[in-house]
Amino acid sequence: MLLEPLARIGRDPATGGYVRDAWSAADMELREWFAGEAGRRGLDLREDRNGNLWAWWGSPSRERPGVVTGSHLDSVRQGGAYDGPLGVVSAFAALDLLRGRGTEPSVPVGVACFTDEEGARFGVPCMGSRLLTGALEPGRALALTDDAGDTLADVVAEQGREPHALGRDDETLTMIGTFVELHVEQGRALVHEGRPVGVGQAIWPHGRWRFDFRGRADHAGTTRLADRDDPMVPFARMVLAARTAAAERGVVATVGKVRVSPGNANAIPGLVSAWLDARGADEAAVRDLVAELARAEGDVVAGGPGAGGRVEVREESWTPVVDFDVPLRERLARVAGGDTPAPILPTGAGHDAGILATAGVPSAMLFVRNPTGVSHSPHEHAEQADCEAGVVALADVLEDLCR
Ligand SMILES: [Zn+2]
């Protein structure tokens, strides 16, 4: 099995899910694995200022940028084995295939592993690629906190990295001539198409917002209902309103993370922080949904008896629609598809390839069929034969791009 070497790292034996937070012990072990794979193949291993890893076959330069492939090794909490690692493992396997074919690339070929793609620990997805391209201001990133209250600055320093080195890195960026990310499909379009491999068309605009509902912590038994200032109530209303507002607009909205403080079963909370994720094909509809929720909660908080103190809404990330380079994606579809061009699919999931594309790096994606469409869950799966077809398609694409 392609992912076997990573199977035990960060795996929760109770659930079978993976917990691979950025800069955690599991992440460090995954980085070591990456370094080992690079070393085994005689590739030149580099870690950039933002913690992204690069394994180069050949020496890229500003004048001679490389063709890069890869993905990420971190996961959502209780995630599956494929989201991220499939792209990195396939990248090394595709490189082996090229070497086996005797391919002599005219430009350097690189394997990349981006740091903290999922944003499971600090709430901001694609942290490594956003910092690299300057889409995320380093001061803001360094001040983000994890559940333990540690800042990103603390955490990277603890792992022996220099926090003040974080930020836009043109030296690294100019080494990437083209980027191709292979990823397990997060949906069932390829099942309907009856094809093992597809090509990315576009990434929906998407964002994350943090809602802080403030109230007053108090005793659950002795505080009369009328006297309560309970932030859990407007929070609950927001979750229901998000669902309705999303359905009305033909977009999706999710509250998947909530932090209740102080978190006593016998007390009214003082603070409820909730993260709203909203996405859709239409950017204006997504924006409108968030604006409506913020407005509605403001009204509820202002007017509702015992509803809570106040709400503060902060945008933690926003990624506009990303249309992948049209000639590049058509070229990929031709090369990866064999006799019939591979299907070209839109996606609701964000990826580092999207961040690079927004920064002007010609980027593209290959998707590998996912029989159930489930992802971000231990049930995420791809058949071995499809993973192998993905490696062959990726090798064909790299060979074509580095000719
Ligand atoms: Zn991913």
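Visitor: Which residues lie nearest the centre of the largest pocket, and how many residues line the pocket?
Guide: This is a predicted model, and in it Val76, Arg208, Asp277, Arg279 and His376 lie nearest the centre of the largest pocket. They belong to a lining of 33 residues. The space in that pocket comes to about 960 Å³.

Visitor: Which strands each supply at least two residues of that lining?
Guide: Those are strand E7 (206-214), strand E9 (252-261) and strand E11 (271-279). By class, the lining of the largest pocket holds 9 nonpolar, 16 polar and 8 charged residues.

Visitor: What makes a residue a donor of the zinc ion, and which residues coordinate the zinc ion?
Guide: A donor is an N, O or S atom within 2.8 Å of the metal. His72 (NE2), Asp83 (OD) and His183 (NE2) coordinate the zinc ion at 2.0 to 2.2 Å, so they count as donors under that cut-off. Along the chain, their spacing reads H-x10-D-x99-H.

Visitor: Why does the pair Asp83 and His183 tie together parts that are apart in sequence?
Guide: Asp83 sits in the loop between strand E3 (66-72) and helix H2 (85-100), while His183 belongs to strand E5 (residues 176-184), so the pair links parts that are 100 residues apart in sequence.

Visitor: What makes Asp83 count as buried or exposed?
Guide: Buried means under 20% relative accessible area. Asp83 has 4% relative accessibility, so Asp83 counts as buried. His183, with a relative accessible area of 1%, is buried too.

Visitor: How do you know how far E5 is enclosed by the rest of the structure?
Guide: Take its residues by the under 20% rule: 8 of the 9 residues of E5 are buried, so E5 is largely enclosed by the rest of the structure.

Visitor: What makes E3 and E5 a pair, and is their pairing parallel or antiparallel?
Guide: Pairing calls for at least two bridges between two strands. E3 and E5 have 4 bridges and run in the parallel sense, so they pass that cut-off. Thr69 stands opposite Val180 in E5. E5 also pairs in the parallel sense with strand E15 (residues 363-368), over 6 bridges, and there Glu181 faces Met365 in E15.

Visitor: Why are E9 and E12 called edge strands?
Guide: Start with the sheet: 4 strands form an open sheet in the order E9-E11-E7-E12, with antiparallel pairing. E9 and strand E12 (310-319) each pair on one side only, and that makes them the edge strands. On average, neighbouring strands of this sheet are turned by 15° against each other, direction ignored. E7 and E12 pair over 9 bridges in the antiparallel sense, with Val311 in E12 as the bridge partner of Phe213.

Visitor: What makes a space a cavity, and how many cavities of 30 Å³ or more are there?
Guide: In a cavity, a 1.4 Å probe fits but cannot get out. There are 4 cavities of 30 Å³ or more by this rule. The largest cavity has a volume of about 50 Å³. Its lining includes Asp27, Arg31, Leu53 and Phe114, and helix H1 (25-40) and strand E4 (109-114) are the elements that give two or more residues to the lining.

Visitor: How many charged residues line the second largest cavity?
Guide: None: that lining has 6 nonpolar, 2 polar and no charged residues. Among them are Trp23, Asn50, Met127 and Leu152. The elements giving two or more residues are helix H3 (127-133) and helix H5 (152-158). The volume of the second largest cavity is about 40 Å³. For the largest cavity, the lining divides into 4 nonpolar, 2 polar and 4 charged residues.

Notes:
Residues numbered from 1 in each chain as written. Predicted model: local features only at pLDDT ≥ 70, side-chain atom pairs only at ≥ 80, totals over all residues. Heavy atoms only, no water. 1 Å grid on protein atoms, 1.4 Å probe; cavity = no way out; pocket = protein on both sides within 12 Å on 5 of 7 lines; lining within 4 Å. Points joined across faces, edges and corners; volume = space filled by probe spheres on them. Nonpolar A, V, L, I, M, F, W, Y, C, P; charged D, E, K, R; others polar. Donors = N, O, S within 2.8 Å, 3.2 Å for Na, K, Ca; no water. Buried < 20%, exposed > 50% of the residue type's maximum accessible area, 1.4 Å probe, protein only. Axes fitted to C-alpha atoms, helices over the stretch in contact; angles between N-to-C directions.
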